[in-house]
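The exercises below are meant to be worked through with the sequence and the coordinates open side by side.

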Amino acid sequence: MREPIVRIARRLEPSPEMVFLVSVGSVIFAFLVSGFLFSFLGIFPTEAYRVFLNGAFGSFYALSETIKRMIPLALIGAGLSVSFQASVWNIGAEGQMLIGAIVGAWVALFSHLPSPLLLPAMFILGFLGGAFWGVFAAWCRNKLAINEIITTLMLNYVAANLVLYLILGPWKGKTVRGFAYTDPFPKEAWLATLGATRIPLATLLLAIIAVFVCYLILTKTTLGFELRVVGRGEKAARLAGINIGRVVSFVMFLSGGLAGIAGVGEVSGIHHMLRHPAHISLGYGFTGVIVAWIARANPLGVLASSFLFGALMSGGDALKVSFGIPFQVIYILNGLVLLFLIASDQLLYYRIIFRHGHQDTREEDYGGVVD
Amino acid sequence: MGSLISGIIGRTLAYSVPLLLATLGEIYVERAGVLNLGIEGMMSLGALVAFAVAFSFSNPWFGVVAGGMAAGGAALLHALCSITLRANQVVSGLSLGMLGMGISGVLGRNFEGKVLGATLPVYRMPFLSSLPGFEKHNVFVYLSLGLAVFLWFVLFRTRWGIVIRSVGENPAACDAMGINVSTVRYTCVVFGGVLAGLAGAYLSLGYRPSWSYGMTGGIGWLSIALTIFAFWNPLWGLVGAYLFGLLYQLSFRFQAHVSPELLNTLPYVFPLIALSFVSRLAARKRIGPPASLGVPYKRE
């Protein structure tokens with residue numbers, strides 16, 4: 001029998017080309033569907049797409065805004081990749097990020113450290129602050145048997161209210177009159193930006209480093225191997241003698257800490273003050289979940305997916321400004337992309353095989369059965 | 001003193017309604033083996049649609065129906081992803097939540113600050129109204145109370161209840177016995193969505209007859225914690241919702257001494273404290289979540 005031109009075979013691991021096709025396809029589908037929404041709002045869809053693409057990639061400024069938003073997403077996404085590999089559902093990056101921002105703001109405003117130490121201390125303590133917020137959830141899971149989804153979700157709200165308490169109460173700026181934020185940080189606590197852009201250079205580098213460190217931890221260390229075993233099933237991990245509690249604590253420490261760094265980066269690189277939680281975060285914590293998921297919990301993939309979602313955010317911002325749509329339009333785009341992505345999850349396990357002329361392509365078949 | 005107590009009880013009853021409705025829904029969803037983290041988004045969508053329809057037709061009941069249907073429709077998306085397409089339920093629920101918040105935020109802007117003439121009616125119930133705090137209430141206060149008892153009865157005393165619980169524990173065995181696992185799960189997920197939508201409708205048509213983005217205020221997330229606290233039992237859900245509501249109301253009494261932002265953290269700290277007691281008790285008594293919770297069923 002002749003080989004058909006295109007065959008589809010099933011395989012056990014997601015195939016890279018399908019991950020790419022499905023990711024791109026999900027974004028395209030999300031856009032097509034959001035077109036209905038735009039027409040409903042009285043905006044011609046193609047006009048909306050044009051504004052969106054311009055706002056995300058259209059100019060040097062647009063691209064720099066995309067990268068500015070990519071940084072916290074990459075930091076959070078890299079940490080969450082490690083946590084998802086261990087099947088630990090940290091949904092609390094939002095709160096961990098805010099705690100990092102609080103700690104960073106405290107160092108900047110009240111620690112009176114000599115200026116060369118200020119920024120390093122903000123980042124180190126901010127990391128530890130976010131990590132603490134994460135490890136608390138790990139402790140609740142290990143010692144009290146409370147599911148980490150619940151704990152991390154609840155702690156998001158606790159952290160947001162803590163920020164509100166501080167900016168309305170004890171830390172309310174003396175120079176800001178009626179507004180709810182702290183005094184601006186001293187200049188020594190500001191991150192330098194890259195050229196004429198608003199991209200903080202330090203956090204950009206930290207994000208790239210974080211991505212590679214997370215990748216190395218996952219692939220090259222014993223701990224990384226252990227956590228992937230835990231992710232495949234606790235029973236097997238326990239039989240293999242792996243200390244599950246320690247693994248859970250570690251991934252929460254790492255992912256919480258990286259979210260904390262993202263928080264420090266936002267307050268010291270962008271806002272230069274502690275302000276309303278919705279301004280510090282823009283939903284980075286929840287979007288980070290998608291970023292890690294779309295990268296199939298592979299930290300290297302997070303570089304691409306965080307760029308994509310950074311673009312969605314800055315493009316969404318352009319939509320907001322040009323058409324006066326509320327900012328929640330970004331949630332719709334994110335939600336749609338994610339929905340299409342997970343809906344097509346099963347497709348990832350198939351592989352498209354093209355017939356090359358008269359070549360025998362049988363060796364490319366993984367021998368799986370299409371179910 | 002008497003008026004103080006009846007005031008606290010009355011406000012507790014009113015505050016607990018959306019929490020109770022959403023929790024009852026999530027109990028059924030999880031009992032059937034599906035986790036839906038999108039409650040907050042469905043509730044927000046339900047609140048907006050209910051408000052928009054009630055506002056446009058000047059009839060609160062149209063709003064209630066529309067709000068329930070909108071959230072039920074949204075839940076159908078989650079059902080499609082998590083049951084038919086066997087997607088990860090955590091991520092699917094989160095994306096549903098995001099979508100719900102997004103759509104209600106974008107489409108709801110024109111309804112912000114509008115005054116609703118047609119609100120849900122307030123009744124005095126015979127007998128009940130002589131109790132302190134029960135003098136007169138929104139019709140949803142009584143409906144949700146009755147619904148909790150009814151849903152407990154269905155879940156633990158009827159064949160339907162056995163089917164739902166079995167599907168959540170051992171779908172393969174149910175499948176072998178000729179029960180359609182997908183149908184049961186779809187029904188429960190959509191039912192949970194409808195209840196979340198009704199919770200939203202109560203908020204925007206009764207509790208605070210208006211629409212504003214974020215008016216659900218985390219109740220949807222709380223109900224997920226409450227579902228565990230209630231051991232997936234509607235009657236314990238009733239107890240838990242009123243308990244949380246009471247603690248929340250009592251915390252307002254300290255507003256003169258403690259800042260409102262710190263008090264606002266309490267609704268999210270209570271569940272953690274409550275769960276820390278309850279989960280050890282549950283471990284001792286070997287009560288756990290439905291065995292197949294969060295696991296897509298696939299016929300081998």
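**Exercise 1. Describe the overall build of chain A.**

Solution. Begin with the secondary structure, which in chain A comes to 14 helices and two strands. Next take the radius of gyration: for chain A it is 22 Å, close to the 21 Å that the globule rule gives for 371 residues, so chain A is as compact as a globular protein of that length. The C-alpha atoms of chain A, taken along the principal axes, fill a box of roughly 80 × 60 × 35 Å. Turning to the interior, buried residues account for 53% of the 371 residues. Finally, consider the contacts in chain A between residues at least 6 apart in sequence, of which 77% join residues at least 24 apart.

**Exercise 2. Decide where in chain A the model should be read with care.**

Solution. The model is predicted, and the confidence therefore has to be checked, pLDDT being the predictor's confidence in each residue. Chain A averages a pLDDT of 87, and 92% of its residues score at least 70. Element by element, helix α4 (residues 93–110) of chain A has the highest mean pLDDT, 96, whereas strand β2 (residues 350–354) of chain A has the lowest, 68. Over residues 359–371 of chain A the pLDDT is below 50, although this stretch has 17 contacts in the model beyond near neighbours in sequence.

**Exercise 3. Work out how helices α3 and α10 of chain A are arranged relative to each other.**

Solution. Two packed helices are described by the angle between their axes and the distance between the axes. For helix α3 (residues 60–85) and helix α10 (residues 244–271) of chain A, the axes come within 8 Å and cross at roughly 175°. Because angles over 145 degrees count as roughly antiparallel, α3(A) and α10(A) are roughly antiparallel to each other. The residues that meet include A:I71, A:P72, A:L75 and A:I76 on the α3(A) side, and A:V251, A:M252, A:L254 and A:S255 on the α10(A) side. By class, the residues of this contact divide into 14 nonpolar, four polar and one charged.

**Exercise 4. Characterise the side of chain B that touches chain A.**

Solution. Count the partners on each chain: 38 residues of chain B are in contact with 37 residues of chain A. The elements of chain B that give two or more residues to this side are α3 (60–84), α4 (89–107), α9 (219–229) and α11 (260–285). Of these, α11(B) gives the most, with 13 residues. Sorted by class, this side of chain B has 23 nonpolar, 11 polar and four charged residues.

**Exercise 5. Determine whether B:C81 is buried or exposed, and which residues it touches.**

Solution. First place the residue, which lies in helix α3 of chain B. B:C81 has 27 other C-beta atoms within 10 Å and is therefore buried, the cut-off being 20 or more. Leaving aside neighbours within four places in sequence, B:C81 is in contact with A:L339, A:I342 and A:A343 of chain A, and with B:A87 and B:S92 of chain B.

**Exercise 6. Repeat the analysis for B:V34.**

Solution. B:V34 sits in the loop between α1 (2–31) and α2 (39–57) of chain B. B:V34 counts as buried because it has 31 C-beta neighbours inside 10 Å. Not counting residues up to four places away in sequence, B:V34 touches B:V29, B:S82, B:I83, B:Q89, B:R185, B:C188 and B:V189.

Notes:
Residues are numbered from 1 along each chain as its sequence is written. Chains are lettered from A and ligands numbered from 1 in the order in which they are written. This is a predicted model: local features need pLDDT of at least 70, side-chain atom pairs count only at pLDDT 80 or more; totals for chains, interfaces and linings use all residues. Two residues are in contact if their C-beta atoms, placed from the backbone, lie within 7 Å. Helices (H or I, at least four residues) and strands (E, at least two) are DSSP runs, numbered from the N terminus. Ala, Val, Leu, Ile, Met, Phe, Trp, Tyr, Cys and Pro count as nonpolar, Asp, Glu, Lys and Arg as charged, and the others, Gly among them, as polar. A residue is buried if 20 or more other C-beta atoms lie within 10 Å of its own, exposed if 12 or fewer, and partly exposed in between; C-beta atoms are placed from the backbone. pLDDT is the predictor's confidence in each residue, from 0 to 100. Axes are lines fitted to C-alpha atoms, for helices over the stretch in contact, and angles run from 0 to 180 degrees between N-to-C directions. Angles under 35 degrees count as roughly parallel, over 145 as roughly antiparallel, 65 to 115 as roughly perpendicular and the rest as oblique. The radius of gyration is taken over C-alpha atoms; the globule rule is 2.2 Å times the number of residues to the power 0.38.
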